[in-house]
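Hi,

Here is the structure I promised to pass on.

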Amino acid sequence: MWALKNFLLAVLLFSSYVLVAQRPTVEDFTMSGDTYLTEEECFRLTEEIDYSSGSIWYKTPISLLEPFSIRLSIMVGCQDAVGADGMVFAMTPRANRVGFRGEGIGFSGLVPSVGIEIDTWLNEHLNDPVEDHIAIMVNGRVGHWNDLAGPVVLPNIEDCNRHGFYVNWNPASQTLSVQIDGNQVIAASFDLVNKIFGGNPYVFWGVTAATGRYNNIHEVCFDRLSFSDPESKSRQNGSNYVESTPLKNVQGSQGKK
Ligand SMILES: [Ca+2]
Ligand SMILES: [Ca+2]
């Protein structure tokens, strides 16, 4: 009996260690382009400046054989009519690579890849809807001819507010789904590992943003990250997500401002 208790205690301690090890801080991300860390513990990817781009990448790859849930807050700018271009949540097997800015939103040309695009600028030649929209895209193709899902039209998202942006992956059903402000807005079921990544389940994830002839502020903050099964974790210990450490505590180590 004691042996069992000690074993369970050891499992619990080890689990705690693993969870703590996953606790994200600013040190866990690589910043590129025009990105800097704000005083509000968020990453500012672009300012209201034309032809700007920025990205952040989580330094450790994740496995698409395991479930994950990544909860972000995003701010896609304060300019509706003249705001551009948007943001992309991207997954790709090689670290710190981004695509073209402007209408490419740091995603176009990135191969192989999967991207969840939030596009705020109408590019007719890319078959963009007039409205702000979201789409799940592959291999850096930002024209809406090969989307895994979408484009789905969104209410104006360039409203100067932060919006909850949750990305969930269920490997059992191979479903990638996205919630914005608590509502599921898009989902795709597809064999990403074999049909996109050539059998390699390990990918880096990040967020890119870009401006072009028009611009907007683009910003991302982290609520919670979980790279293990949220449902089984919540049944076991009631704590299904890893809370992020306030990024402000380590500000200045990488920020340029
Ligand atoms: Ca566009
Ligand atoms: Ca808009």
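Let's start with strand 6, which runs antiparallel to strand 15 (residues 218–226) and is joined to it by 7 bridges. Across that pairing, Ser73 sits opposite Cys221 in strand 15. Strand 6 also has 7 bridges to strand 11 (residues 163–170), again antiparallel, with Ile70 facing Val167. Two strands pair here if DSSP finds at least two bridges between them. Strand 6 (residues 68–75) is largely enclosed by the rest of the structure, because 6 of its 8 residues are buried. Buried means 20 or more other C-beta atoms within 10 Å of the residue's own, exposed means 12 or fewer, and partly exposed is in between, with C-beta atoms placed from the backbone.

Before you go further: this is a predicted model, where local features need pLDDT of at least 70 and side-chain atom pairs count only at pLDDT 80 or more, while totals for chains, interfaces and linings use all residues. Residues are numbered from 1 along each chain as its sequence is written, and chains are lettered from A and ligands numbered from 1 in the order in which they are written.

The chain has 3 helices and 16 strands (DSSP runs numbered from the N terminus: helices H or I, at least four residues; strands E, at least two). Of its 257 residues, 39% are buried.

Then there's Gly140, in the loop between strand 9 (133–138) and strand 10 (149–153). Gly140 counts as buried because 22 other C-beta atoms lie within 10 Å. Its C-alpha is 7.4 Å from that of Gly115, 25 residues away along the chain.

Cheers
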